[in-house]
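Q: Could you walk me through this structure feature by feature? I'd like the general idea each time, and then the case at hand.

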Amino acid sequence: SLPVNRVCNDEPLAFSNTTQTTDPISSVEWSFGDGFFSNSLQDPIHQYRTTGVYQPQLVVHTAGGCTD
């Protein structure tokens with residue numbers, strides 16, 4: 001999971017991919033923990049609609065075939 005400060009409902013929250021790799025990133029899979037996803041290589045912005053505890057995740061795929 002990613003550390004997040006408190007935010008209010010419907011307040012945009014910016015996520016950042018801080019992955020460090022020498023192999024170029026070919027794709028990413030963001031899961032925000034509320035049923036919404038993004039495959040954007042750009043850092044996404046997401047709004048949580050209800051109060052709760054969420055566990056966002058990021059999976060990174062590199063051109064060399066590595067996944068983390």
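A: Let's start with the rings: Phe15, Trp30 and Phe32 are linked into a cluster by ring pairs. Rings of Phe, Tyr and Trp (its six-membered ring) pair if their centres lie within 6.5 Å; planes under 30 degrees apart count as stacked, over 60 as edge-to-face and the rest as tilted. Bear in mind that this is a predicted model, where local features need pLDDT of at least 70 and side-chain atom pairs count only at pLDDT 80 or more, while totals for chains, interfaces and linings use all residues. Residues are numbered from 1 along each chain as its sequence is written, and side-chain values use heavy atoms, with hydrogens and water left out.

Q: How many aromatic pairs does the structure hold?
A: A pair of aromatic rings is described by the distance of the centres and the angle of the planes. The structure holds three such pairs. One of them is Phe15 with Phe32, which is tilted, at 5.1 Å centre to centre and 55° between the planes.

Q: Which parts does the pair of Phe15 and Phe32 tie together?
A: You need the elements for that: strands (E, at least two residues) and helices (H or I, at least four) are DSSP runs, numbered from the N terminus. Phe15 sits in the loop between strand 1 (13–14) and strand 2 (25–31), and Phe32 in the loop between strand 2 and strand 3 (37–38), so the pair ties together parts 17 residues apart in sequence.

Q: Is Phe15 buried or exposed?
A: Buried means under 20% relative accessible area, exposed over 50%, partly exposed in between (1.4 Å probe, protein chains only). Phe15 is buried, at 5%, and Phe32 is buried too, at 3%. Across the protein, buried residues make up 18% of the 68 residues.

Q: How many bridges join strand 2 to strand 5?
A: Six, and the two strands run antiparallel. Ile25 stands opposite Thr62 in strand 5, and Ser31 opposite Gln57 in strand 5. Strand 2 and strand 3 are joined by two bridges, with Ser31 opposite Phe37 in strand 3. The hairpin of strand 2 and strand 3 has five residues between the strands, and there Gly33 takes a positive phi near 85°.

Q: Which side chain makes a polar contact with Thr62?
A: A polar contact is a pair of N or O atoms within 3.5 Å; within protein, one must be able to donate a hydrogen and the other to accept it, and residues adjacent in sequence count only if both atoms are side-chain atoms. For Thr62 the partner is Asp23, at 2.9 Å between the side chains. Thr62 belongs to strand 5 (residues 57–62) and is buried, with a relative accessible area of 10%.

Key. Two strands pair if DSSP finds at least two bridges between them.
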